[in-house]
Protein chains: 2
Amino acid sequence: MSDADSSQDSPTSQVSAEGVGAVSERQHRATEWFAELRNRICAAFETLEDELSGETAERMGDIPPGRFQRTSWTRSDDSVDDPGGGTMAVMHGRVFEKVGVNISVVSGNFSPEFATQIPGASEAPRFWAAGISLVAHMWNPHAPAVHMNTRHIVTTQSWFGGGADLNPALVKDDDTRDFHKALEDCCNRHAVADHERYKAWADEYFFNKHRGEARGVGGIFYDYLNSGDWEADFAFTQDVGTTFLDIFPRLVRRRMHEPWSDDDRRQQLIHRGRYAEFNLVYDRGTQFGLKTGGNPEAILMSLPPMASWP
Amino acid sequence: MSDADSSQDSPTSQVSAEGVGAVSERQHRATEWFAELRNRICAAFETLEDELSGETAERMGDIPPGRFQRTSWTRSDDSVDDPGGGTMAVMHGRVFEKVGVNISVVSGNFSPEFATQIPGASEAPRFWAAGISLVAHMWNPHAPAVHMNTRHIVTTQSWFGGGADLNPALVKDDDTRDFHKALEDCCNRHAVADHERYKAWADEYFFNKHRGEARGVGGIFYDYLNSGDWEADFAFTQDVGTTFLDIFPRLVRRRMHEPWSDDDRRQQLIHRGRYAEFNLVYDRGTQFGLKTGGNPEAILMSLPPMASWP
């Protein structure tokens, strides 16, 4: 189903906008953007791997600076000519214990049951979806785990969605403040975005109901964004990506050289267990992927490299 | 919500059949049985902890032979006079990395949505349920993880359900064979049980659909057992428990002194990740517990002490 490919291909050689049937110029541009953002994020994260130095680098022993490995996969779906697929980019490094940056462009038909939950899919079950999804689990328990995802979905309607949230095992008030500020500034640059609403949406969404506790310190979440101005919606979605690309490496640089204890690590592994609970029980992207015949390896790449339920 | 209590209380001092309102003599007997079985299993597992010797015991360093710690919890539900609760018994040892043996007796009203999925609950949403649930995660990757659960549920109807399945990270054909044979012999001792059907049901149920792979090597699964002869159904359910109590310690004794490698451990942690996926995405007991206001700590005690998604 998939084959390893770690070459530095052009942004869209793995996931071609042309490859999923007749798509509009807009769909093509969104697809290109997700691939470009993936490339820029991977480059920035590899730079962080190179920057680790001193005692922390020594502590990581003979783990070399990480490099992303790309693996393409294709989706099986007899109901459409080209069901699409995606490319996973995964890095196991010495700053990032495990980070995945996936892009995908898929096309198909929703099941009748699932269609009722999706805007515009009751009229016709056909969908097209492209997006980028990122989850990073860090070695240093002082550095926060993070999630970022943006997507463009087309049924008989079309919209953007996405978000980003910070998941520190050991909460740092300045990291929380700076992360929220960056996303607030991003929203404020776009008339179509509403930070207050998107932040509240994240608090509501990234919540482990069965435990009555948040999965992290929040961020923003938005979905079904169609203001009537596609260019404006797309520009905001692009800015979410570039804002993430700016703020997250800054937080990592702030924390990646801090020493940590066995107890810090223990708390990190427990926190990751809660993260796994959320993704398997509630996550919309996981549900969407598993219900539309996605690649389980790609969908579940968000799960932590090591987690504990002591 | 809960308080630690590690005293060797009488079988039902923590979960009293009398404590959940007017229950029948049958409900009382089922409740007493689950507590008695819990006591016998805990004693047998603590004996295994004492038996570890030689190089394997040395390998475990200063971890002493494990002992179960009991914690009681009570359920919150304003819709009934006594919503009940349960007792968790958890042991972190040197043979068992983590094992939980929970008993519970709960009473309440199903939500309208959930009631449609439960026999007899559409007529009236009231339920009473008692049961025992066990999950063991072993240190030695050659020793299988295991799950066993039996329960008695009363709505306007009443039935027994349960099962047991073996989850080896490193599959051993003789363990698989002996486990299945013990359950087959158990079923064959009871006219109300159908081993072929229950084994197939386990294969169908303990399956990670999103990965297209079994979660382990199977066992038996049965539900809605009401043959019309309550005594016969109860006798079979008791025998499932005693059969487990006989076969599983034998498998552990066979494996607990085998040496293991780092790669064996690595495979074990990955296998546990799949186990966590099943429990969070599909497990009926988890869904039942989370949807009926159960104690998340008790419900999710099945999750592995350490797991990996590399």
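Start on helix α6 of chain A, residues 230–255, and select A:Asp246 and A:Arg250: both sit in this helix, four residues apart, or about one turn. Show their side chains and you'll see them meet in a salt bridge, 3.1 Å from N to O. Keep in mind as you click around that this is a predicted model. Is A:Asp246 buried, partly exposed or exposed? At 44% relative accessibility, A:Asp246 counts as partly exposed. A:Arg250 is partly exposed as well, with a relative accessible area of 44%.

**Next stop: A:Arg255 and A:Glu258**

Now pick A:Arg255 and A:Glu258. These two form a salt bridge, and their closest N and O atoms are 2.7 Å apart. Turn on a surface here. A:Arg255 has a relative accessible area of 7%, which is under the 20% cut-off, so this arginine counts as buried. A:Glu258 is partly exposed, at 22%.

Select B:Arg67 and B:Asp50 next. Their salt bridge has its closest N and O atoms 2.9 Å apart. This pair ties together distant parts of the chain: B:Arg67 is in the loop between α2 (54–59) and β2 (69–74), B:Asp50 is in helix α1 (residues 25–51), and 17 residues separate them. B:Arg67 is partly exposed at 37% relative accessibility, and B:Asp50 is partly exposed too, at 41%.

How many salt bridges does the structure hold over all chains? The total is 49.

**Into the core**

The largest nonpolar core has 64 residues. To find your way in, select B:Ile41, B:Phe45, B:Phe96, B:Phe236 and B:Phe248, the residues with the most contacts inside this core. Then colour helix α6 of chain B (residues 230–255), which gives the core its largest share, 10 residues.

Centre the view on B:Phe45. Which residues does B:Phe45 touch, leaving aside those up to four places away in sequence? The list is B:Phe68, B:Met91, B:Phe96, B:Val99, B:Leu134, B:Phe244, B:Phe248 and B:Pro249. There is also a second, separate core of 63 residues; A:Ala35, A:Cys42, A:Ile247 and A:Val252 are among its members.

**Zoom out: the two copies**

A rotation of 180 degrees, with 0.0 Å of shift along its axis, superposes chain B on chain A with an RMSD of 0.0 Å. The two copies are therefore related as by a two-fold rotation axis. Now select the residues in contact: 22 come from chain B and 22 from chain A. Of chain B's interface residues, 100% are also interface residues in chain A, so the copies meet through the same surface.

About 1,800 Å² is buried between the two chains, and carbon and sulfur atoms give 66% of that area. In chain B, highlight B:His210, B:Leu280 and B:Trp309: they lose the most area to chain A, together 32% of what that side buries.

What about polar pairs across the interface? There are 11 residue pairs in polar contact between chain B and chain A. The interface also has two salt bridges. For one salt bridge, select A:Glu297 and B:Arg211, whose closest N and O atoms are 3.1 Å apart. To see which elements are involved on the chain B side, colour α7 (262–281) and α9 (296–299), the ones that give two or more residues to the face touching chain A. The largest share of that face, six residues, comes from α7 of chain B.

Finish on A:Tyr224, in strand β10 (residues 218–225) of chain A. Check its phi: the value is near 55 degrees, positive in a residue other than glycine. A:Tyr224 is partly exposed, with a relative accessible area of 38%. Then jump to B:Tyr224, in strand β10 (residues 218–225) of chain B. There, too, phi is positive at about 55 degrees, although the residue is not a glycine. B:Tyr224 is partly exposed, at 40% relative accessible area.

Note on methods
Residues are numbered from 1 along each chain as its sequence is written. Chains are lettered from A and ligands numbered from 1 in the order in which they are written. This is a predicted model: local features need pLDDT of at least 70, side-chain atom pairs count only at pLDDT 80 or more; totals for chains, interfaces and linings use all residues. Side-chain values use heavy atoms; hydrogens and water are left out. A nonpolar core is a set of buried Ala, Val, Leu, Ile, Met, Phe, Trp, Tyr and Cys residues joined through side-chain atoms within 4.5 Å. Buried means under 20% relative accessible area, exposed over 50%, partly exposed in between (1.4 Å probe, protein chains only). Contact means heavy atoms within 4.5 Å. Copies are superposed by least squares on the C-alpha atoms of residues with pLDDT of at least 70 in both. Buried area is the accessible area (1.4 Å probe) that two parts lose on being put together, summed over both. A salt bridge is a side-chain nitrogen of Lys or Arg within 4 Å of a carboxyl oxygen of Asp or Glu. A polar contact is a pair of N or O atoms within 3.5 Å; within protein, one must be able to donate a hydrogen and the other to accept it, and residues adjacent in sequence count only if both atoms are side-chain atoms.
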